[in-house]
Amino acid sequence: MNKYGDAPSGMTLIIGDPFARGSDHCPDEAPVMEVTLHPFFMDVRPVLNRDFKAFVDGDCYQKDEYWCEHGLKFIRKFGILKPLYWNDVNWNQPDHPVTGISWYEASAYARFVGKELPTEAQWEYAAKGNDSRLYPWGNAPASPKYANYAPDCDPEELVRRSTPWDHHPQNRSPFGCMDMAGNVAEWCKDNYSPNYRWDTTGINPLCITDVTDDHIARGGSGLHDEDYMRCTSRDAYPPTVRDNIVGFRCVINL
Amino acid sequence: MNDLKVMKTPRIEKKPSSLRYYQDGPPSRVETSAWKLSLSYLGGEKNFAFSLDDIKSIPKRVENRRMVCVCNWSIRRTWGGIYLKDLFDHAGLTEDDYAGLFLKQLSIGTPEKGKYDSTIRIDDAIARNAMLIYEVDGEALPLEQGYPLRLIDFGLYGYKGVKGLSELQISTEFELGHWEQYAGYALEGKVKPKKYFIVDLKEHRFIEKAEVIDF
């Protein structure tokens, strides 16, 4: 038995050697740098609607203790009491990732279950491990066999929908994390930075500027093309965005 | 007078559908002869109404420019119409009248979903030569792309410009529009520096800021 104990139900231990974070595919993925992460547990699957139901049913949108100051102000101002697509059959199936949730809501849920959002570096390492694979599944070209995404950023269906977290069994990272590519992008803790030059240590990196600045969303979605599904690809949105392109998964830092 | 030969936008068949971003969906049809663009100033202090012929009587500008969508794609097309400033000039409004104020745009709307709206900063829109557009690539705007008229401020994401315009209101309030209230997108709507899919070039490029003039 490892010194970290068994992973909690639904989570997996992410542990390994320092890895090469970033790539030369895009200026904001540079410079490539060796990053060292302390081991952590990560959710095997994104937070699903059936998971998030406990948060909604528990009236947690009304419980201040789960929310940061700006998050509370945001949900109160707009009278938000549930995810945007909570009543939309295209997005609310129990085994689909919860979506239509702002970064604030994702953070509040994480606090509710005693976890945290992953850092961007944690997410990337969980997606690709220690090799240079393009996608969580490896280097095989993206196809609908592997993930829910939109070639040319133009989905086939005008009225889109999410897919179950296990709809693409090969959409699996080296650590066994499922559905990291496509479907819904995943909120990370970090604020967006146009490159990695801010990271001078490479040890458990975390970029925080201001909670109200844009936050990282990784993995791409059903609205975006295969480039957004690359393990190193970066996207970002204001923390208030609640569109059907974002979801999340959680970590426990050890 | 523009004499730009209009060529088909490369890979136009791959442009993501505009219907996805036309909140209320386009009206099933627009009776052009009955359509008017109303312009009000400070809650009705001054009111104007323009038919499409009125707008087309203002010298047309034809410009090849790049718009950026908040859904991470961008396309450069040839747009025909007038500058927002041209409309204000035509209405006899001066810079002193509208400096520091905001422009709320409202759509024609549909019976099912009503109208949708967006508000932008007038000073920035004027400085960036925001356009009121009635043609794209040499032809009338299709209904799904905003016929008879749409506004684009090329420094902002596409959601900040309403398609199928019916009303412009010059006001003192920077109001949250549909996409901000519904889905939490930013009020300012400025194009953020990050990677986008460039539809007409079929590649991804990092856009530092808009208006994009480098490619």
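**Entry 1**

I began with strand S4 (residues 40–43) of chain A, which is joined to S9(A) by three bridges, the two strands running antiparallel. I take strands (E, at least two residues) and helices (H or I, at least four) as DSSP runs numbered from the N terminus, and two strands as paired if DSSP finds at least two bridges between them. Within this pairing, A:Met42 stands opposite A:Val251 in S9(A).

I noted next that H4(A) packs on the sheet and touches S1, S4 and S9 of chain A, its direction making about 95° with that of S1(A). For such angles, axes are lines fitted to C-alpha atoms, for helices over the stretch in contact, and the angles run from 0 to 180 degrees between N-to-C directions. A contact requires the C-beta atoms of two residues, placed from the backbone, to lie within 7 Å.

I then traced the sheet itself: it is open, has three strands in the order S1-S4-S9 (chain A), and its pairing is antiparallel. Strand S1 (11–14) and strand S9 (251–253) of chain A are at the edges with a single partner strand each, so one side of each has no neighbour in the sheet. The twist averages 25° from one strand to the next.

**Entry 2. Basis of the model**

I record that this is a predicted model, in which local features need pLDDT of at least 70 and side-chain atom pairs count only at pLDDT 80 or more, while totals for chains, interfaces and linings use all residues. Residues are numbered from 1 along each chain as its sequence is written, and chains are lettered from A and ligands numbered from 1 in the order in which they are written.

**Entry 3. Chain A as a whole**

I found four helices and nine strands in chain A. From the N terminus on, these elements run β-β-β-β-α-α-α-α-β-β-β-β-β. The radius of gyration of chain A, taken over C-alpha atoms, is 17 Å, close to the 18 Å that the globule rule gives for 254 residues, so chain A is as compact as a globular protein of that length. That rule is 2.2 Å times the number of residues to the power 0.38. Along its principal axes, the C-alpha trace of chain A spans about 45 × 40 × 40 Å.

I also looked up burial, for which a residue is buried if 20 or more other C-beta atoms, placed from the backbone, lie within 10 Å of its own, exposed if 12 or fewer, and partly exposed in between. Buried residues make up 51% of the 254 residues in chain A. Of the contacts in chain A with a separation of 6 or more, 77% are between residues 24 or more positions apart.

H4(A) is mostly covered, with nine of its nine residues buried; among them are A:Trp123 and A:Tyr125. A:Gly129 follows H4(A) and has a positive phi, near 65°.

**Entry 4. Nonpolar core**

I asked which residues have the most contacts inside the largest nonpolar core. They are A:Val246, B:Val68, B:Leu132 and B:Ile133, in a core of 119 residues. Such a core is a set of buried Ala, Val, Leu, Ile, Met, Phe, Trp, Tyr and Cys residues joined through C-beta atoms within 7 Å. Its largest share, six residues, comes from helix H3 (residues 103–112) of chain A. Beyond its neighbours within four places in sequence, A:Val246 is in contact with residues including A:Ile101, A:Val184, A:Trp187 and A:Tyr237.

**Entry 5. Five-stranded sheet of chain B**

I followed an open sheet of five strands in the order S2-S1-S10-S5-S6 (chain B), with mixed pairing. Strand S2 (46–50) and strand S6 (117–121) of chain B stand at the edges, each with a single partner strand, so one side of each lacks a neighbour in the sheet. The twist averages 15° from one strand to the next. Strand S1 (residues 37–41) and strand S10 (residues 165–171) of chain B pair in the parallel sense over four bridges, and B:Leu39 stands opposite B:Leu168 in S10(B).

**Entry 6. Backbone details**

I found a cis peptide bond between B:Tyr147 and B:Pro148, with omega about 5°. B:Pro148 is in the loop between strand S8 (139–140) and strand S9 (150–152) of chain B. Another cis peptide bond joins B:Ala210 and B:Glu211, with omega about 15°.

A:Asn183 has a positive phi, near 70°, and is buried, with 29 other C-beta atoms within 10 Å.
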